[in-house]
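Subject: The structure, and what turned up in it

Hi,

Here is the structure we talked about. Have a look at it first, then read on.

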Amino acid sequence: MPPVTTTPLSASPIPSTPGPTVATPTRPVVTATTDAAPIKTVSPKAASAKAAPVTATPSGLRGYFLPYQIRWICDEHPVSVAEKSRRVGWTYASAYRAVSRRLRLGTDLFYTSADRTAAREFVEDCCRWARAFRAAADDRGEDVIDDAGMTAFVVRFGNGARVVAGSSRPAFFRGKGGDADADEFAFHERPRDLYKAMQPAALIWGHQLRAWSTHNGDDSFFHQLVKQAGGGGDAAASEARTAAAAVASASPPPAATSATDPAGETSPMTNQRISGHRVTLLDAVNQGLVERIRGLSAPDLTARRDFVDEVRASCPDEAAWQEEYLCRPAAEGSALLGYPAIAGCEAANLQLCDVEAVAGDAGGGPLYAGFDVGRKQDRSVLWVVERVGDVLWTRCVRVMGDAMFAAQEGLLDRLMQGRRVKRLCVDSTGIGMMLAERLAGRHGHRVEPVHFTAAVKAELAMPLVRLFQGRLVRVPADPAVREDLHKVRRTVTAAHHVRLAAPRDADGHADRFWALALACHAAERSPATPLPLGAPRKPLGW
């Protein structure tokens with residue numbers, strides 16, 4: 001069989017900007033020539049059984065990785081950022097890179113992902129590659145890594161180097177030194193703080209920093225890093241940017257300039273040149289992804305077409321396809337509540353009352369309340385609405401920062417003294433469980449504990465969206481309220497499930513959104529549909 005190469009999938013069927021209606025992509029064209037090496041399919045398990053250890057040169061990697069993975073592995077720039085499609089083997093290649101550098105340099109790697117399961121999978125991949133290298137590696141499982149009791153998954157090699165995969169909290173990187181990797185960077189709750197902690201851990205003593213992710217909106221900190229690296233263009237330009245980054249890595253860094261964002265909330269806090277990588281699903285398919293997945297030895301036009309069609313058809317909407325697989329960050333469309341919908345329900349002259357006034361007022365219609373519990377990192381928010389006709393009018397919004405639980409409980413007790421409050425829904429997740437139980441014990445059926453899970457959040461959020469769409473709720477015309485309501489975004493998991501997430505910043509974690517959602521749930525006219533049962537919480541710090 002002669003060697004083969006392929007021409008890229010046509011980019012013309014994919015619009016330059018996301019839109020609500022997009023034509024189905026035309027079939028990709030693949031041609032055979034005699035220029036490229038034949039496609040091989042080798043896994044870490046198979047590599048460990050080969051006659052010779054894995055080599056770290058580009059030529060030695062071609063039997064194990066696709067071209068875009070090799071470019072990532074061989075990039076020696078101090079800081080590299082990759083915007084990528086879902087499920088193209090990026091973490092798999094990063095695990096190889098992690099093991100290769102540990103064995104060559106004897107230094108540590110600190111790796112973080114947005115969830116605990118991904119951290120464990122990364123460690124397992126590292127152990128497989130260690131066997132492929134025929135290197136001694138001790139998988140220590142979950143181990144205590146500092147005096148504060150923080151735990152992480154640890155692999156220790158024979159030369160003393162470690163791979164430490166742990167918490168998504170910025171504190172994970174503080175007081176440590178070595179390479180710093182962040183997987184699905186755009187989906188961490190505090191990406192700017194995380195990057196801020198990763199920088200000195202990696203760069204002061206000459207280690208390397210890597211961040212890779214699919215996109216999570218065009219206003220994310222990750223997107224700012226991508227733009228600084230020269231990303232965000234079309235797929236054809238990504239090759240040129242990667243090649244330019246390799247040349248730029250040998251050049252001195254540019255002189256420091258002032259930040260363009262005075263607030264410093266979105267712009268990166270570094271002027272160091274960043275190496276950028278960009279791989280869409282179409283890029284990966286053209287470079288042999290389908291053949292690698294299905295164990296094919298030559299390009300298969302039908303398999304490639306069917307694969308792309310199946311992935312696109314499984315996406316919940318066009319915006320998800322564009323963002324998750326084509327590296328095009330969604331703008332307004334990814335926000336659960338867009339600014340126009342919020343503005344349509346804002347009341348400029350809305351008069352808000354304090355809790356005592358609401359509780360003591362015997363006149364007016366029935367009141368319904370929602371309370372989102374916070375303590376240190378997040379704020380506690382009480383939101384009270386009154387039903388007037390078919391519209392829910394906001395009557396009270398109370399934001400409590402770093403308030404003791406006794407103060408929060410006292411506030412809600414004073415609210416429930418007024419008989420106008422027909423129902424109070426309280427966040428009973430984690431730290432809110434005891435508070436909700438005590439309130440329910442004193443005020444009976446008027447208090448409903450609500451345990452937040454992914455399913456419960458969807459049950460709360462979607463009715464709230466419909467209220468805004470129908471202009472059946474009124475909220476204050478306040479910038480802080482507006483931004484909090486706009487924070488919650490739709491994201492898509494690897495299994496193509498839609499989940500709701502919000503970034504955490506100095507003003508909280510969409511706390512006002514969830515307090516309002518709880519209040520509107522309390523105000524439902526019909527008896528409440530039982531919300532899905534809660535699931536066990538993930539361990540602290542993940």
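Below is what was found, going from the whole chain to single residues.

First, some ground rules. This is a predicted model, in which local features need pLDDT of at least 70 and side-chain atom pairs count only at pLDDT 80 or more, while totals for chains, interfaces and linings use all residues. Residues are numbered from 1 along each chain as its sequence is written, and side-chain values use heavy atoms, with hydrogens and water left out.

**The whole chain**

The protein chain has 19 helices and 17 strands. Helices here are DSSP runs of H or I with at least four residues, strands are runs of E with at least two, and both are numbered from the N terminus. Of the 542 residues, 51% are buried. Buried means under 20% relative accessible area, exposed means over 50%, and partly exposed is in between, using a 1.4 Å probe and protein chains only. Among contacts with a separation of 6 or more, 70% are between residues 24 or more positions apart; contact means heavy atoms within 4.5 Å.

Two strands pair if DSSP finds at least two bridges between them.

Find β2 (residues 109-112) in the viewer. It pairs with β6 in the parallel sense over 4 bridges, and β2 and β5 are also parallel, over 4 bridges. Tyr 111 has Asp 181 as its bridge partner in β6 and stands opposite Ala 165 in β5. Thr 112 stands opposite Ala 182 in β6. Which way do the residues of β2 point? Leu 109 and Tyr 111 point one way, Phe 110 and Thr 112 the other, and all are buried.

Gly 178 is worth a click too: it lies in the loop between β5 (162-166) and β6 (179-183). Is Gly 178 buried or exposed? At 1% relative accessibility, it counts as buried. Leaving aside neighbours within four places in sequence, Gly 178 is in contact with Asp 108, Phe 110, Ala 201, Ala 202, His 207 and Gln 208.

β10 and β11 run antiparallel and are joined by 6 bridges; Asp 372 has Val 381 as its bridge partner in β11.

Between β10 and β11 (380-388) is a loop that holds Arg 379. Arg 379 is partly exposed, with a relative accessible area of 27%. Arg 379 and Ala 403 are 24 residues apart in sequence and 8.2 Å apart in space, C-alpha to C-alpha.

**Two helices that cross**

Two packed helices are described by the angle between their axes and the distance between the axes. Helix α17 (residues 454-469) and helix α19 (residues 511-522) pack at about 85 degrees, with their axes 9 Å apart. Axes are lines fitted to C-alpha atoms, for helices over the stretch in contact, and angles run from 0 to 180 degrees between N-to-C directions. The two helices are therefore roughly perpendicular (under 35 degrees is roughly parallel, over 145 roughly antiparallel, 65 to 115 roughly perpendicular, the rest oblique).

In helix α16 (residues 433-443), the buried residues are Leu 435, Ala 436, Leu 439 and His 443. They cover an arc of only 95 degrees around the axis, which puts them on the same side of α16; the arc is that of the directions from the helix axis to the C-beta atoms. The face turned away from that side carries the exposed residues Met 434, Glu 437 and Gly 441. The buried residues pack against β10 (367-372), α15 (405-416), β13 (421-427) and β14 (447-450). After α16 comes Gly 444, whose phi is positive, near 65 degrees.

Cheers
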